[in-house]
Amino acid sequence: MDCGKDILNRLIDMYERRGAFDKDASSLRAIQIEVKKVYPEYVDRYNHDAYKDINVAIEKFCMEGLISAEKNSAGQYSKVRLKIDSVSECYRKLKRTSIPQQCEKAKKSLAEYQNCEWAIIQAIIKDWFECLAEYKKLPYDLKYDGKRASEIIRVLQAILKLNSETYIRNFSTALFKDSKRFQKEFRSTVESILFDYTDEVVEKDNILGFYNLYENPTYVMVKGNVVIQFDTSVIDVSEMPDGIALSNASLEKIRTVTVKANKVITVENLTTYHDSDEDDTVHIYLGGYHNHSKQILLEKIYADNKSRTYFHKGDLDVYGFLILENLKEKTGIPFIPFMMDVATIERFYKAGLYKELASTDVKVIEEKKGTKLAAYADVLQFMIDNNCKVEQESIKAVELME
């Protein structure tokens with residue numbers, strides 16, 4: 001170990017932790033280390049080499065005017081203090097970049113994105129510039145790394161440009177010429193940022209899908225008395241007891257959809273889709289938030305079948321209701337909540353088939369129940385009062401218990 005550099009690095013670390021670079025030097029408490037606490041070997045009488053190396057290092061930097069220290073009668077140093085007016089020289093000697101310099105460099109890296117067309121990017125850059133202006137570390141473990149922050153923004157821009165279902169490995173190859181780099185180096189950070197900055201409240205596990213980025217192909221599943229017509233073929237889904245799975249890529253090829261049942265129910269959960277057996281109904285499994293292709297399908301169904309009644313069956317948690325509202329807003333279809341009322345959640349609650357609310361659930365409920373989710377205030381209040389939420393898969397389970 002280079003004792004001298006280690007001592008200087010420790011003192012500069014302390015200097016930075018205190019934010020001393022942004023304060024009047026006369027107002028600072030002494031920036032110092034206690035030698036025997038930092039280096040126990042210094043007072044080990046059998047380790048003369050350590051004692052000698054540390055003394056030599058301290059004396060060298062004292063002579064150079066970087067630190068100050070005093071010996072006791074036994075020739076030992078008790079404390080080593082940083083000389084504030086020598087800080088620039090310490091950085092030079094250590095080949096370290098000061099925090100103000102790192103912040104300026106990071107600002108330059110991010111400046112090109114300030115006028116980005118995406119509102120999310122603008123909000124991120126604004127927040128990050130505020131951090132850097134106050135010499136604070138960037139969030140998401142970016143610290144003062146402008147290069148890494150710039151790379152993250154570049155990835156976010158590429159994701160925001162996606163307007164159709166895209167697979168993660170293809171996306172990574174297109175962006176980095178490496179099919180695994182996004183997964184290894186960026187996915188976790190990008191998910192956290194999108195989760196924090198997306199206006200729609202989407203669970204973090206589903207946030208990439210919300211922006212059309214998927215691990216594997218996704219499907220819409222349809223069952224019931226409905227006929228789907230393509231350019232040269234027709235599928236009568238009623239002849240298939242379990243329905244049909246249509247890949248997102250095939251949805252835009254559909255020309256007309258004729259619903260012969262009176263009700264259409266979109267379903268959030270796959271198990272619930274398979275369990276659902278309401279009469280005179282077409283069931284459609286969406287799988288959480290719909291994407292562009294699914295929206296086109298739903299709009300086509302509604303345009304061809306406006307006389308039908310449209311319902312949505314989702315989880316009895318705050319995200320289930322947000323998905324419902326997002327569905328109504330984006331498609332323009334007047335969906336009615338199905339089995340998403342107080343009576344249903346109370347039934348599950350009494351059967352003990354529920355989960356307790358996470359702190360984030362409570363936060364989102366409190367934020368949304370008086371505004372976007374005002375229509376469901378009674379159900380949300382039941383969740384708060386009883387600390388519970390319910391997944392739609394519980395329907396069959398509660399029937400088995402009764």
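**Ring pairs, a kinked helix and salt bridges**

Ring pairs link Y302, Y310 and F335 into a cluster. Two rings of Phe, Tyr or Trp (its six-membered ring) pair here if their centres lie within 6.5 Å; planes under 30 degrees apart count as stacked, over 60 as edge-to-face, and the rest as tilted. Before going on, the model is predicted: local features need pLDDT of at least 70, side-chain atom pairs count only at pLDDT 80 or more, and totals for chains, interfaces and linings use all residues. Residues are numbered from 1 along each chain as its sequence is written, and side-chain values use heavy atoms, with hydrogens and water left out.

Aromatic pairs first. How many aromatic pairs does the rule give? The count comes to 10. One of them joins F171 and F182, edge-to-face, with 5.5 Å from centre to centre and 85° between the planes. F171 sits in helix 8 (residues 168–176) and F182 in helix 9 (residues 181–197), so this pair ties together parts that are 11 residues apart in sequence. Helices here are DSSP runs of H or I with at least four residues, strands are runs of E with at least two, and both are numbered from the N terminus.

The cut-offs are as follows: buried means under 20% relative accessible area, exposed means over 50%, and partly exposed is in between, with a 1.4 Å probe and protein chains only.

Next, helix 9, where F182 lies. Helix 9 has 17 residues and spans 23 Å from its first C-alpha to its last, close to the 24 Å expected at 1.5 Å a residue. That expected span is 1.5 Å times one less than the number of residues. Where is the kink in helix 9 centred? The kink is centred on R187 and comes to about 55°. The bend at a residue is the angle between two axes, one fitted to the seven residues ending there and one to the seven starting there.

R187 is among the buried residues of helix 9, and so are F182, F186 and Y197. The buried residues of this helix pack against helix 6 (119–133), helix 7 (146–160), helix 8, helix 10 (207–210) and strand 5 (213–214). Contact means heavy atoms within 4.5 Å.

F186 has a charged neighbour as well: R148 lies over the face of its ring, 4.7 Å from the centre. A charge sits over a ring if NZ of Lys or CZ of Arg is within 6 Å of the ring centre and within 35 degrees of the ring normal. Elsewhere, the charged end of K223 sits over the ring of Y273, at 4.9 Å from its centre.

Now salt bridges. The structure holds 23 of them, each being a side-chain nitrogen of Lys or Arg within 4 Å of a carboxyl oxygen of Asp or Glu. In one, the side chains of E64 and K93 meet at 3.3 Å, N to O. E64 is in the loop between helix 3 (48–63) and strand 2 (67–71) and K93 is in helix 4 (residues 87–94), so the bridge ties together parts 29 residues apart in sequence. E64 is partly exposed at 37%, and K93 is partly exposed at 24%.

Helix 4 also holds R92 and E89, whose closest N and O atoms are 2.5 Å apart in a salt bridge. The two are 3 residues apart, which means a separation of about one helical turn. In general, an α-helix has 3.6 residues a turn, so residues three or four places apart point the same way. R92 is exposed at 54%, while E89 is partly exposed at 31%. Salt bridges also link D13, E16 and R96 in a network.

Last, two backbone angles. Most residues other than glycine have a negative phi. N212, not a glycine, has a positive phi of about 75°; N212 lies in the loop between helix 10 and strand 5 and is buried at 8%. M339 has a positive phi of about 55°, and M339 is partly exposed at 23%.
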